[in-house]
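Student: I have a model open on my screen and would like to learn how to read it feature by feature. Could you walk me through it, with the general idea and then the case at hand?

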Amino acid sequence: MPTLGEIINQNVREATPELVETMDRNRVRCYSCGHECPIPEGQPGVCKVRYNRGGKLYVPWGYVGGVQCDPIEKKPFFHAIPGALAYSFGMLGCDLHCSYCQNWVTSQALRDPDAISPPLEMKPELMIEDARRLGAKVLVSTYNEPLITSEWAVAIFKNARAAGLMTAFVSNGNGTPQVLEYIRPYVDLYKVDLKSFSDRHYHELGGRIGPILRSIRALHEMGIWLEIVTLLIPGFNDSDDELKQLTEFLAAVSTDVPWHVTAFHQDYKMTSPEDTTPDDLVRAAEIGKQAGLRYIYAGNLPGRVGELENTRCHHCGHTLIERFGYLIRAYRITAEGGCPACGARIPGRWATAFQPQIASRPFLPVRARHRASY
Ligand code: SF4
């Protein structure tokens, strides 16, 4: 029986030229993520899914490790077509190895033998057809780290754009200038998990903070709609000092960037910290407010964080969107993307009219349940 690694090695193609550099001794350098691996002949990069064969860089292609329909609020995007259904797909592998990963089955499939998730062969046209059939408004590359499988996401996103759908990355943000330029024409929305503001902590997760901060700045400058999430882990990244530095950095990028501070629950290999409490989230939100951020949300604890699930006008305080978890309870943003009370422009990517939610919780598309029918 073939191993997972062998199956994945059959679903590849050569890297796009923008993301690879030929080096001496048949080595190649990959620019798909901030590791910028120099890869010797016959070896994979840190992510295990891009590898050098015969002096050429081969990359994942033609499969998905998972497909799911999510409310866009789950990604989370709160300032982009609220209520929309987000057709979400992932491949396998990641360039980091966070011990608390909530998508570990797909992200760590090649490192951790307990994380078994067999790939499913797929064509971009079939995914778009399925997304449209279900009424989705946005295609999202998520579940594993999308930057390391950018070629496949771009192929799908070209089809999505042609069909009038929006596109999004849900990413750790560990990018390079090359990969951001490569995806730029095809990505509308981008969520970055800013996991910490400590380089030491990022080293524990297998990365460096520098490329992530650089990518956050670049994405904002490129005009891609950006939202940031920080999973608040007691004892890891929740000190007042670290949160102050993190939120001051975001406010310097733009006070319009929404910041989601979300509750940790024990998962994967990180089982020692306590779960995050509502009070922890409220404290973090207050620090972000002091830093100047205008849109702060507390996530993963529906109904327990008061106004921090709702969107309020930064200018007059009028409540614009009321939420409970992923459910939209009220929507008052004008067709022009403004506050109906004071007329202030609300930063985001708004639809001209709110469409009732198809779902306020995730579900599997029927075809994904019957893998053979693809
Ligand atoms: S995607 Fe990142 S980890 Fe993978 S080979 Fe390229 S630079 Fe290395």
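Student: Let's begin with strand 15: how many of its residues are buried?

Tutor: Strand 15 (residues 259-263) is mostly covered, with five of its five residues buried. Buried means under 20% relative accessible area, exposed means over 50%, and partly exposed is in between (1.4 Å probe, protein chains only). Helices (H or I, at least four residues) and strands (E, at least two) are DSSP runs numbered from the N terminus. Before we go on, this is a predicted model, in which local features need pLDDT of at least 70 and side-chain atom pairs count only at pLDDT 80 or more, while totals for chains, interfaces and linings use all residues. Residues are numbered from 1 along each chain as its sequence is written, and side-chain values use heavy atoms, with hydrogens and water left out.

Student: Which residues lie on each side of strand 15?

Tutor: In a regular strand the side chains alternate between the two faces of the sheet. Here Trp259, Val261 and Ala263 lie on one side, with His260 and Thr262 on the other, and all are buried.

Student: What does strand 15 pair with, and in which sense, parallel or antiparallel?

Tutor: Two strands pair if DSSP finds at least two bridges between them. Strand 14 (residues 225-232) pairs with strand 15 in the parallel sense over five bridges.

Student: Which strands make up the open sheet of three, and in what order?

Tutor: The order is 17-18-19, with antiparallel pairing. Strand 17 and strand 19 (327-331) stand at the edges with a single partner strand each, so one side of each has no neighbour in the sheet. Strand 18 (residues 319-324) is joined to strand 19 by four antiparallel bridges, and the bridge partner of Phe324 in strand 19 is Leu327.

Student: Now the backbone. What should I look for there?

Tutor: Most residues other than glycine have a negative phi, and most peptide bonds are trans. Arg25 has a positive phi of about 50° although it is not a glycine. Arg25 is placed in the loop between strand 2 (20-22) and strand 3 (28-30), and is exposed, with a relative accessible area of 66%. Lys48, also not a glycine, has a positive phi of about 75°. Its place is the loop between strand 4 (38-39) and strand 5 (51-53), where Lys48 is partly exposed at 40% relative accessible area.

Student: Where is the cis peptide bond?

Tutor: Look between Lys75 and Pro76, where omega is about -10°. Pro76 belongs to the loop between strand 8 (66-71) and strand 9 (85-90).

Student: How do I read cavities and pockets?

Tutor: On a 1 Å grid over the protein atoms alone, a cavity is a set of points where a 1.4 Å probe fits but cannot get out; a pocket is an open set with protein on both sides within 12 Å along at least five of seven lines, and lining residues have an atom within 4 Å of a point. Grid points are joined across faces, edges and corners, and a volume is the space filled by probe spheres set on the points. This structure holds one cavity of 30 Å³ or more, and the largest cavity has a volume of about 70 Å³.

Student: What takes up the space of the largest cavity?

Tutor: The ligand does; a molecule sits in a cavity or pocket if more than half of its atoms lie within 2 Å of its grid points. Residues lining the largest cavity include Cys30, Cys33, Cys37, Cys47 and His35.

Student: And the second largest pocket: how many residues line it?

Tutor: There are 16, of which Lys289, Arg294, Ile296, Leu308 and Arg312 lie nearest its centre. The elements giving two or more residues to this lining are helix 9 (278-291), strand 16 (296-299) and strand 17 (311-312). The volume of the second largest pocket is about 390 Å³.
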